[in-house]
Amino acid sequence: MQYINQTLFVVFSLLMLAVLAGTINTNKNEYHPYITYWRFSITLRALAFFSWALAPTFSNLFVTLANFCFAASGVALCLVFRSIRIKISKNLLIYLFFAAVMFVVSFEFVRQQENSYATRLIMMGCINSLITLWELAELSLLHKRDRSIGLKIVGTVTLIQFILTMIFIVVAIAGVEPGETQITQEQGIINLWAGVGSHLISFIIISSYLFQRTVESERNALKSLINRTNQLDVATKEKEEISRLLEEKQALIGSLIVAKKSAEAGALSASIAHELNQPLGAIHLNVQFLQSKIESNNLDLSLLKKLISTIGEDNQRAAGVVSTLRKVFNQNELETKPIYVNDLIESLMPILLPHARDNLVQIKLELESKLLVDISVSEFQQVLFNLINNAIEELMGLELPEKIVLIRTEDDGEFVKLSVSDNGEGIPEGFKSSIFDLMKSSKQDGMGLGLWLTRHIVERHRGRISYKPANIGGAQFEILLPKV
């Protein structure tokens, strides 16, 4: 009978290895984390059967090894079902390792005692019952997520296996005679093979369930990959269409830029001509007047000096416009020096006051700034001349009891604030948002170069210029310049 038992254990071991071979072809990938525990469980169960076959012939140490492998196989099976549901923690594996060490030491200690066969049966019965209950608990939790027929069959077979194991333990313990070291009764042998057979059937069914689950998982992964591929195809086509539209957009923008540059170039040429026309026209009139006086021999020295001075001032205005524009387009590095804005304003008064008096305009100065600014004197002379002259020209055509241009400076923290105000009619509402743009002007004969150029010069000096209604009734242009 002993040899039959040994042969059957070897056969069962080979059958378990056949189940293991069925898992070798399973695709190893991240979608099946339970495969490792499953193979480990099968290998341990096969080793348990083989160790029971070797024990009677070689050494009783194989009994300890067989029981350990059998229990460890059940634990690994619990980890299979747990890993399907959640990730196995490292702490759990550490606890199981120490439990395994305690099991081996305890079982070997009991085995070396005399007449310990019944004790070992009780010990293994309790341990395997607890492991099977854990397995049933894991199956129950998994069933909440997976209600497939395959899992229901696995749970049913596991429950039957648990019942058969309990029956085998009770019958085997009840039939053990004093001094026996193994099962020899016929009824005990039948129960033993019924229990072992149920374990083998359970592994085959579990293997079938896991294979079905693996196939289903890979089918879902394939569907997901196909859907992903289709989405990428659509995204690629959309990307190509977007790229084509962007190319068309860039081409259109390029055409618009060329057109805009052409329009700006024409407008800029006309604006420059307009800005130069005033001083050059004045020079032309003065020259004609001077010629007429010379021809009539009616020219005195004081008139000659005045005409020459006026021609020189107009020439300086024209040269200033050309010089400033040349600096703007060359974008050379600024040649600046620290200066008080008050001094710069006062230096322009001899030029501006006669023009203001001739048109009944008062220029009032409120110069309170005490800080130095770092600016290009020639460029800012052009800025001040443009703003003040604009204010004077705004007041020339108006019938007012008092025409005032107010020039004010004050210190504002890290900045010097300069403002030029008048008590005219101000800027029309439709021009307020674009008065600093090229080709924008509120004057009927203006071409929109003066304020555009003024803003360019101010910003080139790291300053800011803005417009707002003046407290005295007209327009106010305010400049902020950083102090030195």
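## Packing of helices α9 and α10

The axes of helix α9 (residues 341–358) and helix α10 (residues 377–396) come within 10 Å and cross at roughly 30 degrees. Because angles under 35 degrees count as roughly parallel, α9 is roughly parallel to α10. The axes are lines fitted to C-alpha atoms over the stretch in contact, with angles running from 0 to 180 degrees between N-to-C directions. Helices here are DSSP runs (H or I, at least four residues), and strands are runs of E of at least two, numbered from the N terminus.

Contact means heavy atoms within 4.5 Å. Residues of α9 in this contact include Leu344, Ile345 and Leu348, and those of α10 include Phe380, Leu384 and Ile388. By class, the contact has 14 nonpolar, 4 polar and no charged residues.

## Basis of the model

This is a predicted model, in which local features need pLDDT of at least 70 and side-chain atom pairs pLDDT 80 or more, while totals for chains, interfaces and linings use all residues. Residues are numbered from 1 along each chain as its sequence is written, and side-chain values use heavy atoms, without hydrogens and water.

## Cavities

The structure holds 2 cavities of 30 Å³ or more. A cavity is a set of points on a 1 Å grid where a 1.4 Å probe fits but cannot get out, and lining residues have an atom within 4 Å of a point.

The largest cavity has a volume of about 60 Å³. Among its lining residues are Arg45, Asn128, Glu135 and His199; α3 (61–85) and α5 (117–143) each give two or more residues. For the second largest cavity, of about 30 Å³, β3 provides the largest share of the lining, 3 residues.

How values were computed
Angles under 35 degrees count as roughly parallel, over 145 as roughly antiparallel, 65 to 115 as roughly perpendicular and the rest as oblique. Ala, Val, Leu, Ile, Met, Phe, Trp, Tyr, Cys and Pro count as nonpolar, Asp, Glu, Lys and Arg as charged, and the others, Gly among them, as polar. On a 1 Å grid over the protein atoms alone, a cavity is a set of points where a 1.4 Å probe fits but cannot get out, and a pocket is an open set with protein on both sides within 12 Å along at least five of seven lines; lining residues have an atom within 4 Å of a point. Grid points are joined across faces, edges and corners, and a volume is the space filled by probe spheres set on the points.
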